[in-house]
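Have a look at the picture, then read through the points below.

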Amino acid sequence: MIRYILRRIVLLIPLLFGVSILIFVIIRLIPGDPARLALGAEATEDQVQLMRRQWGLDQPLPVQYAYWIGHALQGDWGRSTVSRVPASDEIGLRLPATLRLAACSVLIACVLGVGFGVLAAVRHNTWLDRLSMVIALLGVCTPSFWLGLMLILVFSVQLGWLPSFGQGGLDHLLLPSLTLGAGAAALIARVTRSSLLEVMSADYLRTARAKGLAEHLVVGRHALRNALIPVVTLLGLEFGGLLAGAIVTETVFAYPGIGLLLVNSIGNRDFAVIQPALLLFAFQFVLVNLVVDILYAVVDPRITYA
Amino acid sequence: MAALLPNAQHTGVVLAVCRGGLTMDRVSEYGRLDEEWQRRGLDRRKFLRLVAMGASVPTLSAMIAACRQGAPASPPAAAGATQAPAAAAAPTFVAKTVGTPVVAVAPTSAPRVDRSFLVALNVEPDSLDVQDTFFNASLGVDKCLYEGLVGLDQSMQIVNQLADSWEPSADAKIFTFKLKQGIKFHDGTPFNGQAVQAAFERVLAPDAQLKRHGYFSAAIDHVEAVDDATVRLVTRQPFAALVATIAHPAGGMPSPTAFKQYGQDFGTHPVGTGPFKFAEWVRGDHITLDAFSDYWDKARGASVAHMSIKGISDPSSLAIAIQSGGAQFAGPLNAAQAQQLQSAVGVKVVESDSISVYWVTMNDQRKPFDNNLVRQALNYAINKDAVLKVAELGKGKIVDSPMAAGVWGYKSIKTYEYNPQKAKDLLAQAGLPDGFKTTLRFTAPSKDRAVAVQSQLQQIGVQVEAVQMEVPAYQAEESKPLEDSTTELLISNWSPSTGDADWALRSIYSKTQWPPAGANYGFYFNQQVEDLIMQGLQFTDEAKRRDAYARAQELIMDDAPNVFLYAPRYFSALRDNAAGAIMQADGIPYLRTAYYTS
């Protein structure tokens, strides 16, 4: 197991190098000149040329890449061309907020999703099942900007219980993570239900019931555990996606996450920020996938890695 | 952000004098006062004309008095904690771009209370280095932190800040400023002639690549400190608009000790002389400023102990921030949100003039737009009121000059009325009876404008392909030199960054500003206009300057290089217990006088 994990981590290195080259080339293929964007319409052409030279944008791409990756390996990711703040700060200072939001949303998605899913499966073909699935369907279909604004209107404007924007304590986190978690919860509820239904009629469950096990133990210990694999996969994907920021939700709640930073940086062709941000997302995604693979073994002891 | 990039900020000048004289808390009186203006049969334009003709000061005072009669003698009495600030003394009427100094008597500020004032803007500032930003949001915060030798008050009039007086040389090339004495920056560094010289040298150095380098270096050759109390700004060529140019917030004075110490990090460690000093910046979330207790002008210091600034880029969320009481001031709001907030409890919506102008750029060097008849036809073909209604819910003013009425030097020339038949006739005269095909480029915020223009041009047989582009790609295209340019039609906007006719006209209509050098994206050129714009920079006599610009405006309107549209209105909102913050006519939020009424 340890050897497997180590091997996966070592494999990360060539993967990230490949990704860094892809990122580097792709963002330079989209039209727009970072120097002109940074200096504005008032700048003379001479000034723009000077800035291109200062930033090395006049060099061939391989030279630019070597310079960038060389400095990055020493911890220098360059400075934002817009704010002049070091790119590592722009991203690093927003990362905790994004992690908090992603973790909180996944927690909500997990609790609500698995809860509704189990309920629906256990009460299969009753009104509870149908109600749960209609709610889940609505959850999948509701656009997050609409849900976010509705939550704000009810809880911030009408009731005045929760703040409508910014970050801070748990109260600031509740509405945005509910907005984000709702969609994921709906998806998880549906997957949990269908995968539970598949195992519900299995022989080992009949055996468990026959030996007189209480129903909640039958479902909780025997059925759910066998049904969890697709749910864990889905949770991993959702979490990986949330770590790359949730642009719409961040915008609606004016939440200082990475998603909004990335969108604004792309709009300004702020290469210094775009590059490490995308690289970080790739890294996080690979890492989450690794954790998901390990969780498979935890959830289902029949799975082993050598 | 504006559709066009660095929505150049400006310093405006003559705004309605009646409004200019009001203290901020009376913004709610605006509507009523406006009515009063009308009843007295003296509209703003007539008033400006009077000023231009040299109405004497007593006459003006009488008019001010008249216009004030409707307003209460003092702001609504505060319930407890806060006293309302004293009313302004007679304001300066016309921004002096040259000549005698303005003696500004700004209203005194409300007594300070130990509370925090939360300002919600439509975008987070990018940098608080006053010489390194184009963002209106950043400049709004900068106006709390920094002051220039001269500055612009909330009604965009030039006021003395760190300078006591100034004197231009007869050839409009050397401007000598007398500085106030005994002022210190937030970090204790003394403010003096050397500090001014160091600040300008910082932005004038090409290697530093500060965003405002181009703005200042186009005008200023060098700056020399004569002694502690005197400084000389020397321009490259006669530059009569210099004072307006440095009154822009980018002319704020940064502490030389601080910018040397922090270098590239000065943008997150700003130090100036203003009524607020920088406390912290949680990036992506908020900026906090503290009242500066040693501010030099005791009567006009900060009225709240802390001010927080938060960027909320979703328009609905911005409106909700003020509606839910999370913020005390929110702006700029778009017309739809402002309308929606009108009915909200505990919120007052403020509507104000802008000096921003929208138009459709035509590539004047390209067929068929190189023909004056075609350009005029397009001007007649568009129902500007309809565009205004679609894009701004009808809130704005159809322009009758290449620049907005709030800009110094403005003259009402004419409007091309909506007349599709005449447009068709003109096209036929130009040899295009069946119209033609063309492409209109625009960025997302101008979508409504573009669609309205497209459908109206269709009526006269001009088939427009409307192409929405992302800002950087759009800018890359429009900035190409003439030989590579593919520009046909563009939705454009300009807000002249000095509030002076020079920057309103030169940047858009002078050949020196043809891309890639500047923003004359339509490649307009008329030698007479070129000469008049240059003349305007040489006179130190205001009347002569005005004449030159008036003639230039006439010529431009006749040439019809663009399809002239409108100047929109600006909206912001305050909680019922808050006052003293507003959107300036140039789109920069004015925040330093913010206070609580209860």
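**Notes on the two chains**

1. Let's begin with what chain A is built from. Keep in mind that this is a predicted model.

2. How big a box do the C-alpha atoms of chain A fill? Taken along the principal axes, that box comes to roughly 85 × 55 × 30 Å.

3. What share of chain A counts as buried? The figure is 42% of its 306 residues. As for contacts in chain A with a separation of 6 or more, 71% of them link residues 24 or more positions apart.

4. Over to chain B, where the secondary structure consists of 19 helices and 23 strands. This chain has 598 residues, and 57% of them are buried. Among contacts in chain B with a separation of 6 or more, residues 24 or more positions apart account for 73%.

5. Now for the place where the chains meet. On the chain B side, 42 residues are in contact with 43 residues of chain A. Which elements of chain B each supply at least two residues of that side? They are helix H7 (213-217), strand E10 (304-311), helix H10 (315-323) and helix H16 (471-478).

6. One last thing to check is the make-up of the side of chain B that touches chain A. Its residues split into 19 polar, 16 nonpolar and seven charged.

Key
Residues numbered from 1 in each chain as written. Chains lettered and ligands numbered in written order. Predicted model: local features only at pLDDT ≥ 70, side-chain atom pairs only at ≥ 80, totals over all residues. Contact = placed C-beta atoms within 7 Å. Helix = DSSP H or I, 4+ residues; strand = E, 2+ residues; numbered from the N terminus. Nonpolar A, V, L, I, M, F, W, Y, C, P; charged D, E, K, R; others polar. Buried ≥ 20, exposed ≤ 12 C-beta atoms within 10 Å, placed from the backbone.
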